[in-house]
Amino acid sequence: MSFAWAKPYEPKNPFMKWVDERLPVPRLVYGAIGGGYPVPRNLNYFWNFGVLAGLALMIQIITGIVLAMHYYSYAGGAFDSVERIMRDVSAGWVLRYVHQNGASFFFAIVYIHIFRGLFYGSYKAPREMVWMLGVVIYLLMMATAFMGYVLPWGQMSYWGAQVITGFFSAIPLVGEPLRIFLLGGYAPDQAALTRFFSLHYLLPFVIAAVTILKIWALHIPGSSNPTGVDVKDEKDTLPFHPFYTAKDGFGIGVALIIFSIFIFFLPYSLGHPDNYIEANPLVTPAHIVPEWYFWPFYAILRSFTVDFIIPAKLWGVLAMFSAVLLLFFLTWLDRSPIRSTSYRPVYKIFFWILVADVMVLGYCGQAHITPLNVALGQVASAYYFLHFLIILPLVSKFEKPLPLPNSITESVLHGEDKESAPFGLATTGGATTAPAAAE
Amino acid sequence: MVRIIGFFVGLGFVGVLLLSLVINGIDSIQNPPPATAEEEFHLAPKDVTLPSDGAFGRFDRAQLQRGFQVYKEVCAACHSLKYVSFYQLEDLGYNEAEVKAIANQWAIEVPSVNPETGENTTRKALISDRFPSPYANETAARAANNNALPPDLSLIAEARGNGAHYVYSLLTGYTNQQAYKNAKGQELLREFPDVKTPAGLHFNPYFANLNIAMPPPITAAGQVTYADGTKSTVDQMAKDVSSFLVWTSEPTLENRLRAGWVTMLFLTVATVLAYMAYRNIWANAKREVSMRGPLEPAFRERMDEQKAERGIAG
């Protein structure tokens, strides 16, 4: 597909040959995730997370379909039906714990995947479309997770829905009518629950469709790699199967072990106890918090406390949406042609500050509102925007990158095939430290 | 263009955030938020060990039966248990005949319809029934309890932070407000004279707002006479009923932990095999050549130094 040396599909089995001539699906699979997809040979374990995200999506879809067979989206009975799944449906508890913690599993994987992309410049040419489709998937995931959290109709479900749909009322003029239109009422109720269930069932398939587009777009330039240097020849790559299927097999094993620890031994650790109380529109919980994967954005929302020209709430909503949407523009914000942050000494520092900053935002998103926590959230939110919109463009303009390896093979084998010294040590001959022209 | 727009958008957000920071900061220094009685005097649940705790947790059947007895004789007067059915009591080690007897003799009858007249009536509980609620509806419950609603207990151990420990602490945490001091030795009523527990409420520092509508349910040793002869101290009864409520909130807890260990075993073996397959397939792929030995940079530096010392050229 992507490279001239990609092996074409040659069916050995006559049946597969028969199928392939009539419907070339085996050819498609072989070229996508089989021996016909050459992948850079130097990928590290962070490249496992794309496959893991796909696995998490499949787990959610399969458990979700079965749960939907037992759940009913009736405001007077949704909570009871979830308890029935937990108590009376055969192995219902395992399905429910997998699905409930699976959302966290999916987000944890996707967050690592996103930071991998930020570190290794996966948003840069020629993979802009891959990155942007990824941001679309992330947005769809957020919508799906939010609506799914409403379905058990516990206290946090109800009040979470109340708060999140309240964002729309911040929009001037049309906000409140729009909110009522989207909810189908003045407050979350039967109409909202039914439509959230319907959309919660629909959106994962939209995610799956966008994932197919994303993999398609990925296969045009091929996977990136930790050096950020382009693939130059066949020596730089290994066929996806068996090399990366084997590595992904190991990665899936480790991921499932960690996931299972949460499912079987800590199933409540990521949820909120209030969601085991049935929704009650007359009792507001003392402390409304979203699920952990929304904490950083919730912190940004809450950090705007001053009505400056426009109301503070509108500032918060705009900033929160901007915090995600700015990811679409990263390609143009970061003008450095060097993909891998390993070769960007200045940006590397800011990258790790960003990681710490998002963790601090996460803390602030769930913390009780005290003057200190609010101030911390405001500083951390300010850094978030400072990082992407001001520091990133400036650093990429002034930074002097480290020398890049000439090729992937050289970085991996240190020129051993030429009986040369390790990378960077040879003074004569093939492996030199001259910076490669950055594409 | 994107960078210019981005720069100004970023400047806008950062500016408003810093403005918020300054205004909030000045405000919170000038008018520091007053300390509340809840912040200063509310207590986190006590540290109590239950047999169901941890990854190797198991229910103690005898304890669950004692806990059920406490529920039956004390809690059931006001609190429903609507997600639990009588037949599930067989999990606690009762045999079928005993469960039938428990259902048949349950003090509260199950709402029903008279088959002759179609009028509403009640009948004795069957083992397939869920535990009947002590009140016909929420209004009746509030009317009987000074306008407070006794919560259903089926899920109480999940619906409160640190569930079972919270229940235990709450049951044993009633105390005299006059004499109550926090860890700093402050007296509640001296610090916050306004928060004196109103009539009809009861002081309990483990309850979120310190005053709970529920009167102390377990007041004296021997309140329940245990069928198995265990000495029924207040502490023992509180612990037993907390254990029972862990079971009601998750009757499948033992299955979950057992399935967890089997899954761990399976996944560990599978992952070790997958790792070996991975190393085997990559063995000849020359993925990595470690820079150890004579070509290691540190080693080469040392060699060069030694050569220089000895006066060997090159």
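Predicted model: local features only at pLDDT ≥ 70, side-chain atom pairs only at ≥ 80, totals over all residues.
Student: Switching to chain A: what's the reach of helix α9, first C-alpha to last?
Tutor: Helix α9(A) covers residues 190-219, 30 residues in total, and reaches 44 Å, close to the 44 Å expected at 1.5 Å a residue.

Student: Which of the residues of α9(A) are buried?
Tutor: They are A:Ala192, A:Leu193, A:Phe196, A:Phe197, A:His200, A:Ile207, A:Lys214 and A:Leu218.

Student: What covers them?
Tutor: The cover includes α3 (49-70), α4 (78-87), α6 (128-150), α7 (155-166) and α8 (175-183) of chain A.

Student: Staying in chain A, how do α11 and α14 cross?
Tutor: The axes of α11(A), residues 295-303, and α14(A), residues 345-366, come within 7 Å and cross at roughly 70°. The two helices are therefore roughly perpendicular to each other.

Student: Which residues meet there?
Tutor: From α11(A) there are A:Trp295, A:Pro296, A:Tyr298, A:Ala299 and A:Ile300. They meet A:Val358, A:Leu361, A:Gly362, A:Cys364, A:Gly365 and A:Gln366 in α14(A). By class, the residues of this contact are eight nonpolar, three polar and no charged.

Student: Back to chain B. Where does B:Leu50 lie?
Tutor: B:Leu50 is in the loop between α2 (37-41) and α3 (61-73) of chain B. It is partly exposed, because 19 other C-beta atoms lie within 10 Å, and a buried residue needs 20 or more.

Student: What does B:Leu50 touch, leaving out residues up to four places away in sequence?
Tutor: B:Leu50 touches B:Ala164, B:Ser242, B:Ser243 and B:Val246. B:Leu50 and B:Ser243 are 193 residues apart in sequence, yet 6.6 Å apart in space, C-alpha to C-alpha.

Student: Last one: how many residues does each chain give to the contact?
Tutor: Chain B gives 53 residues and chain A gives 54. On the chain B side, α1 (2-30), α6 (156-159) and α10 (253-282) each supply at least two residues. The largest share, 18 residues, comes from α1(B). That side of chain B has 34 nonpolar, 12 polar and seven charged residues.

Terms used:
Residues numbered from 1 in each chain as written. Chains lettered and ligands numbered in written order. Helix = DSSP H or I, 4+ residues; strand = E, 2+ residues; numbered from the N terminus. Expected span 1.5 Å × (residues − 1). Buried ≥ 20, exposed ≤ 12 C-beta atoms within 10 Å, placed from the backbone. Contact = placed C-beta atoms within 7 Å. Axes fitted to C-alpha atoms, helices over the stretch in contact; angles between N-to-C directions. Parallel < 35°, antiparallel > 145°, perpendicular 65-115°, else oblique. Nonpolar A, V, L, I, M, F, W, Y, C, P; charged D, E, K, R; others polar.
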